[in-house]
Amino acid sequence: MKIQKILIANRGEIAIRIMKTAQMMKIRSVAIKTAVETNAMYLSFADEVFDNSEDISEIPVFLDIEKLISIAQKTGADAVHPGYGFLAENAYFAQKCIDNNLIFIGPSPDAIYKMGNKTIARKLALKSNIPMAMGSEGNIANEEEAVAIASKIGYPVIIKAASGGGGRGMRIVRKAEEMEKMFLLASKESEKAFNDPSVFLEKYIENPKHIEFQILGDTKGNVIHLGERECSIQRKHQKLLEEAPSVALDNKLRNKMGRMAVQIAKAVNYYSAGTVEFLLDSDRNFYFMEMNTRIQVEHSVTEIITGIDLIEQQIRIANGEALKFSQEDIKIKGWAIECRINAEDVQAGFAPDPGRIEYLSMPADPYVRVDTGVQAGSAIVSSYDSMIAKLIVSGRDRKEAIKNCKMALDKVWIKGTKTTLPFFRMLVRNQKFQDGTFTTAFIEKDLDKYYLNSEYEEMLAAWLATKLFVEENLQEKSINVDFENGKEMSPWLLNKRINQF
Amino acid sequence: MNNKLQINKLFALSSENRQFSFSVPLKNKIRIGKRDYIVQLKSDEKYGLYILWKNRKYPVEIIRSRQNKYEILFNDISYTFTVETPFSMQRMKVLKSKKGKAEQESVKAPMPGKIIDVLVREGSNVLRGEAIVILEAMKMQNEILSPVNGRVIKVRVKPDSNVMKDDVLVEIKVE
């Protein structure tokens, strides 16, 4: 093997995920310790930790190309894995690694650049006869041009950042009067997020399903797909739950879309793992949206239904190995669902709720896989994303996977921050979710409440409030401490016991 | 101190105005239909504070308590209750009928973050549900919406400024 030591240019659960596979392949890994997370869990999974906690510069080290290259050199790493987010889709970073004799575990800088620039990607897709939503030929210069194009293809339209991804710089426009404001907002937002204000216009497909295909390609020109993932459960373009396969696809459609996904990947000589995203409308027409040139958060559901370790494949491909399986070898078995448990307040419109995790306990059933970067005592810091854990549940079919998911969700125990758990507990009981007829508009349009609302639970909470009141105000002595299954009730409660009357 | 003896009932009023009544002294039992179920408040090292109900553990956290107001996190959902005695309940009803409507609304930051854009100016007329500020927190851009119809009387933030949770962003005169 060529790769012997990998610098992990990332943190959290994905850093751990990569290090676990590296360890299995007997490859050493280097993690970077930062000032904001000096006790992070991922550090304990590394063979070596590079201490960068003295560095207090504004830019996180995971976005600092020069610094990362120098850390790789100092620690003697021969390869760099970018994970997702940060520099994972930065062509310049990939090129810099190569220029410094480091193996970049990912696609070529050329493929990253072409797919990263949505305008170029659209042109490529057009040339490869991939179905696409109608839109502007290239970037649009100003709001007048936007209005002219929109009136040709018909409202609603969506403005997208040419260099964008992950929902930033996107604006839906439903009528000409909104265009000026939305154009400026989208352009400003993409300038800020991607250093590039250019935007383009596309017909907005109302209420589609989000279907994406996992691609694997090697440096010998072989490209295959590993089936689809359905990621329609999203809010403001942020995915919350993903599953594989999708109820919306039969084998015929799966093969057709998969072939298209392979075709577009081949158009940029793609190698490594990648994802081709499509929108699927209610008439089962599909449209190419974009290609993500990285490992994705939701890669785990594909691993479960195909039995293939995608990180291992990325490393082998980076080593120059040919894929050991062909398209015919890929068999989809069972069903997998991933819930993204984030530190967010569902009752406050999914507002981030950073804080310290006081208690954390995850189910250990055979049908559950948990990918996490935190443990009890860890902090969810506001400088990074709000992910606590990915709860990945499997079953023989969708029905069983949902049933298992319901049970697993009730066993997750997290204290210290509010989480998206109440949302998922509601979701798995929702009829439309169970039917599989939901679309990307599900959260905004089909739900009037974002969390499970149980009458008994509210009553029990009311009982607790009353109990606290009684103990603080009405009782002279004898606190109701339960010694049977623990030591004491709560130090807080004991301290609070002052007679207020 | 003296009225303690007279209290035989307490009411927990939720922020959404649902009412739960409990007899005092408070029992560790709750009646549903014709059956009583035991409810217990416990704590241990692995789980912290929890409620045991029908053989299941539910995580609970006491977020805040001030006088008779309690904010409780029960199974990851927060509830706010005020606990009232029969007397205070009566007094509250009287006070409520006398109180007028708030005339001014302060729009606060729901989370810490950075102001990306302010979409209104002092003097702007806003409609309920209209985006007035864009706030970025944890990679996400959030539109802060006006809770009321009215006129902006004060803008307290500028683009690029950082705000803490509950900082006032904009003040609106309700019209």
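1. In this predicted model, 45 residues of chain A are in contact with 48 residues of chain B. On the chain B side, eight strands each supply at least two residues: strand 1 (9-14), strand 2 (19-23), strand 4 (35-44), strand 5 (48-53), strand 6 (56-66), strand 7 (69-74), strand 8 (77-84) and strand 13 (140-145). Sorted by class, the side of chain B that touches chain A comprises 32 nonpolar, nine polar and seven charged residues.

2. Two backbone features deserve a check by eye. Most peptide bonds are trans, and most residues other than glycine have a negative phi. The next points list exceptions.

3. The peptide bond between Tyr155(A) and Pro156(A) is cis, with omega at about -5°. Pro156(A) sits in the loop that runs between helix 6 (143-153) and strand 6 (157-161) of chain A.

4. A cis peptide bond also links Ala244(A) to Pro245(A), where omega is about -5°. Here the loop is the one between strand 11 (238-244) and helix 8 (251-267) of chain A, and Pro245(A) lies in it.

5. Lys236(A) is not a glycine, yet its phi is positive, at about 50°. The residue belongs to the loop between strand 10 (223-235) and strand 11 of chain A. Is Lys236(A) buried or partly exposed? Lys236(A) counts as partly exposed, because it has 15 C-beta neighbours inside 10 Å, and a residue needs 20 or more to be buried.

6. In chain B, Asn75(B) likewise has a positive phi of about 50° without being a glycine. Asn75(B) is located in the loop between strand 7 and strand 8 of chain B, and both of those strands supply at least two residues of the side that touches chain A. With 21 other C-beta atoms within 10 Å, Asn75(B) is buried.

7. On packing, the largest nonpolar core contains 95 residues. Which residues have the most contacts inside it? They are Ile6(A), Val80(A) and Ile215(A). Setting aside neighbours within four places in sequence, the contacts of Ile215(A) include Val223(A), His225(A), Ala261(A), Val262(A) and Ala265(A). Tyr270(A), Ala273(A), Gly274(A), Thr275(A) and Val276(A) are also among them.

8. There is a second, separate core of 90 residues. Phe469(A) is one of its members, and from chain B it includes Phe22(B), Met140(B) and Val163(B). Strand 2 (19-23) and strand 13 (140-145) of chain B, named in point 1, each supply at least two residues of the side that touches chain A.

Conventions. Residues numbered from 1 in each chain as written. Chains lettered and ligands numbered in written order. Predicted model: local features only at pLDDT ≥ 70, side-chain atom pairs only at ≥ 80, totals over all residues. Contact = placed C-beta atoms within 7 Å. Helix = DSSP H or I, 4+ residues; strand = E, 2+ residues; numbered from the N terminus. Nonpolar A, V, L, I, M, F, W, Y, C, P; charged D, E, K, R; others polar. Buried ≥ 20, exposed ≤ 12 C-beta atoms within 10 Å, placed from the backbone. Core = buried A, V, L, I, M, F, W, Y, C linked by C-beta atoms within 7 Å.
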